[in-house]
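Open the model in the viewer and keep the selection panel at hand. The stops below go from one whole chain to its partner and then to single residues.

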Amino acid sequence: MIHEQIKKKTISISILVLFSLLAVVVLFPLLALLMSSFRPGSDLMRFGISIQSMFAEGKNLDNYMGLLFAEKALYPFWFRNSIVILLLQTTITVFLTSLVGYGLAVYEFRGRQLLTTLVLVLMMVPLQILILPLYKMMISARLMDTIAGVILPFILSPIAIFFFRQFSLGLPLDLMDAARIDGVGEIGIYFRIMSPLLLPAYGAMAILEGLKSWNNYLWPLIVLRSNKSFTIPIGLNTLLTPYGNNYDNLISGAVIATIPIIILFLMFQRYFISGLSSGSVKG
Amino acid sequence: MKSLTKKQNLAPYFFVAPFIISLFIIYLYPFISTVIMSFQEIVPGETEFIGFKNYRRLQDPTFFKAIQNSVIYTVLTISLLIPVPMVFAAMLNSKLSFGSRFFRSVFFVPSLVSVVVAGTIVRLIFAEADTALINTIIAKFNIEPQNWLLGTRVHAMFLLLILALWRWTGINIIYFLSGLQTIPNELYEAADIDGASTVQKFLVITMPLLKPIIVFVTTISILGGLSMFEESYILWEGISPDNNGLTIVGYIYRKGFQHGELGLGSAVGLVLLLIVVFFNVIQLLLRGFFRKGAEV
């Protein structure tokens, strides 16, 4: 028995050691990014990220000053655009997909089965195959280089619809009948009675969709054309060129793009994780 | 009373209307239009039907290489990013009395990092200078500094896999953990009484009960793997040596947007769709196969 316990303890400690080492490996690149961001970009150009450059003397905030306050600094525009797109895209997506998911879950109606199947099928279709026709559509709808153009293809995310459907299947339907007897309309039922119960689902999807929007890359790369309308990822990418990379701005810009998300994650960890996992269990 | 039921009959359509509208605008219309475009040659100002010519033009070694890269990447990411996170999740779930929440969060952090930032970090850590981090590490093992980014096909795939592992392990751990938490503890206790070893318990209880999660993760990995573009675009800005980093979506981007060949790009998109369907059908077949096996 004691032997058994010692064995268990040894295993547990070796796993702890393994995970601690892995944690260092996983976090090191971010630490390296942060520490290198206080060094001149020319260092990175010549030496890459190295232990020496991470711990070298002569750290300063020049990169950040240049990025944010230089006369023709574009980063503040990119940051603003990313925020505006994040807020609009997340709000619209969460609102509309919750309506659809809820409708599919709580009502019996003709076409319900078909629509539910379509949602499942679309979850397996990569939107990338449609970027060319969507691009043509954006041109004829005059939505190129606009925020609406960036957001439009993503607002009815099938994954979010499916998530809200699964979540709504667990709503107490007796409440609906009670409300009907009190003369509340169907739309009123959603807004006044069900929406408070959907709050955890809104939270989970807001985080998931927000993350998607903040890091969205391929589609904004196609739609956004002028450097003042770029989002952060698209803007940062313009700093990587075949003629040499502007690491001064790239590194400090990358840090500023990453830190808010990590802070939000540390604050709302529980919701991040429940949002992600609840989608998969029933999937 | 009659009007009430009528209202109730219409209400569901109010709720699902956004989906029906978007189905037509975002999916159906573009899908039909891409099928039509794939039979056309589209030059600004004039459009001409050219039959299957776009598809015949896909007999292009570069395109085959792109398909190969995407498929190899998908297979490798699936074979790494399912077993590794699954075992990690099982360890976090049972073997650690403390710290498991901490490690879960730590492993999750890289998935918050945008692909541009992650790609930039990889470029710098794997820079060709012999002072760069990875080259200094391998020097300790007497391996010469490598020109990772501009090296061979193996180098390219290695970088893409490192990037995928770093960014996705944590997310997949969360998926598997959520599945593990639905497995009742009594099963393990019963197995303990029968004297089962840890490995036996993992193979006989954990793995089969995690099947829904494995299916889910496989599905999203197939989709993500076959449609991968951004990682390779950021590492090589679209021009990798010998197209070692070119993917199918990269080929669509190059042909459709950089060369302006919308017709050819559309044909590639439809081929990608076929490949995705093919992979998913195989997956479904395997699932059915396993289910039959379980019943026997």
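Start with chain B, which has 14 helices and two strands. Its radius of gyration is 24 Å, whereas the globule rule gives 19 Å for 296 residues, so chain B is more spread out than a compact globule. Colour chain B by burial next: buried residues are 40% of its 296 residues. Of the contacts in chain B with a separation of 6 or more, 69% link residues 24 or more positions apart. Bear in mind throughout that this is a predicted model.

Next, select residues 40-43 of chain B, which are strand 1, together with residues 46-49 of chain B, which are strand 2. The two strands run antiparallel and are joined by four bridges. Which residue stands opposite E41(B)? It is E48(B), in strand 2 of chain B. The hairpin has two residues between the strands, and G45(B) takes a positive phi near 95 degrees there.

Now show both chains. In the contact between them, 73 residues of chain A meet 76 residues of chain B. On the side of chain A that touches chain B, helix 15 (residues 247-281) of chain A gives the most, with 13 residues. That side of chain A divides into 57 nonpolar, 13 polar and three charged residues.

Move on to the largest nonpolar core, which has 146 residues. Which residues have the most contacts inside it? They are I125(B) and I248(B). Helix 8 (residues 153-180) of chain B gives the most to this core, with 12 residues. The core also draws at least three residues from each of domain 1 (2-67) and domain 2 (74-238) of chain A.

Centre the view on I125(B). Leaving out residues up to four places away in sequence, I125(B) touches P29(A), A32(A), G48(A) and I49(A) in chain A, and A132(B), L133(B) and I134(B) in chain B.

Then hide chain B and colour chain A by domain. The domain assignment gives domain 1 as 2-67 and domain 2 as 74-238. Between the C-alpha centres of these two domains of chain A the distance is 36 Å.

Within chain A, select residues 158-168, which form helix 9. Is this helix largely enclosed or open? Nine of its 11 residues are buried, so helix 9 of chain A is largely enclosed by the rest of the structure. The buried residues are P158(A), A160(A), I161(A), F162(A), F163(A), F164(A), R165(A), F167(A) and S168(A).

The last stop is a pair of loop residues. In chain A, R142(A) lies in the loop between helix 7 (131-140) and helix 8 (147-151). R142(A) has a positive phi of about 55 degrees although it is not a glycine. With 10 other C-beta atoms within 10 Å, R142(A) is exposed.

In chain B, select N142(B), in the loop between helix 7 (133-140) and helix 8 of chain B. N142(B) is not a glycine, yet it has a positive phi of about 60 degrees. Is N142(B) buried or exposed? N142(B) is exposed, with 6 other C-beta atoms within 10 Å.

Technical notes. Residues are numbered from 1 along each chain as its sequence is written. Chains are lettered from A and ligands numbered from 1 in the order in which they are written. This is a predicted model: local features need pLDDT of at least 70, side-chain atom pairs count only at pLDDT 80 or more; totals for chains, interfaces and linings use all residues. Two strands pair if DSSP finds at least two bridges between them. Domain bounds come from an automatic or database domain assignment. Two residues are in contact if their C-beta atoms, placed from the backbone, lie within 7 Å. Ala, Val, Leu, Ile, Met, Phe, Trp, Tyr, Cys and Pro count as nonpolar, Asp, Glu, Lys and Arg as charged, and the others, Gly among them, as polar. A nonpolar core is a set of buried Ala, Val, Leu, Ile, Met, Phe, Trp, Tyr and Cys residues joined through C-beta atoms within 7 Å. A residue is buried if 20 or more other C-beta atoms lie within 10 Å of its own, exposed if 12 or fewer, and partly exposed in between; C-beta atoms are placed from the backbone. The radius of gyration is taken over C-alpha atoms; the globule rule is 2.2 Å times the number of residues to the power 0.38.
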